[in-house]
Amino acid sequence: MPPKREDSQLSQDSVMTVTQEDRHEILYFAYGSNLSTVQMRQRCPYSTPIGIGHLDGWKWLINERGYANVVKVSGSEAKSSEGSLGDKGKGKEWGVYGLLYLLPPDDEAKLDTYEGVPWAYEKMTCDARWVRDGQGKVLDEPVKTLVYVDTKRVGESVPKEEYVERMERGIEDAVDNWGLDREYATKVMRRFWK
């Protein structure tokens, strides 16, 4: 069953094929409050969400600033992982799910300001997988994505109160409209504010 689109951008109702030829947009991986397509539309009006992505070998957390961050998992941590959330929580999953957006250059510049580049987050290009498109079709396509990462504040902490509200809106949008797994959202993200 295709995902609902009540809060999603109007352009999402069309079928889209992403090609590399003559494209000026980059692919952006949103894992925090930018999971909300409403928030992204306000921040980056020409961005287009295209589906769910996955960063292998990273973990999601709330950092010392009180905001979402992704941290690269060391080889020893990754090797100690047994199972995944797909195994109904028998072990840890080293990977982060997020929403992929096509982001034109003007919107990328706006997003840099919102994300506090370079003092709060740094911009990285990361290998990811596009795991589900906007129509709900399961994929497994390798992609290169822009990811905002705070490399200085990598310890776990508690979220800012206002951020929890924005994260909840983003999680519900991603779950209801894009097929983000609710169990993943609860076990990985919401554990920081429960």
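User: Is aspartate 140 buried or exposed, going by its relative accessibility?

Analyst: This is a predicted model, in which local features need pLDDT of at least 70 and side-chain atom pairs count only at pLDDT 80 or more, while totals for chains, interfaces and linings use all residues. Residues are numbered from 1 along each chain as its sequence is written, and side-chain values use heavy atoms, with hydrogens and water left out. Buried means under 20% relative accessible area, exposed over 50% and partly exposed in between, with a 1.4 Å probe and protein chains only. Because its relative accessibility is 54%, aspartate 140 counts as exposed.

User: With which residue does aspartate 140 form a salt bridge?

Analyst: A salt bridge here is a side-chain nitrogen of Lys or Arg within 4 Å of a carboxyl oxygen of Asp or Glu. For aspartate 140 the closest N and O atoms of the pair are 3.1 Å apart, and the partner is arginine 129.

User: In which helix does glutamate 168, a salt-bridge partner of arginine 190, lie?

Analyst: The side chains of arginine 190 and glutamate 168 meet in a salt bridge at 2.8 Å, N to O. The pair links distant parts of the chain, 22 residues apart, with arginine 190 in the segment after helix H5 (182-189) and glutamate 168 in helix H4; helices (H or I, at least four residues) and strands (E, at least two) are DSSP runs, numbered from the N terminus. The helix that holds glutamate 168 is therefore H4.

User: Why is the pair of tyrosine 28 and tyrosine 148 edge-to-face?

Analyst: Rings of Phe, Tyr and Trp (its six-membered ring) pair if their centres lie within 6.5 Å, and planes under 30 degrees apart count as stacked, over 60 as edge-to-face and the rest as tilted. A search of the whole structure finds six aromatic pairs. In the pair of tyrosine 28 and tyrosine 148 the ring centres are 5.7 Å apart, and the pair is edge-to-face because the planes are at 80 degrees.
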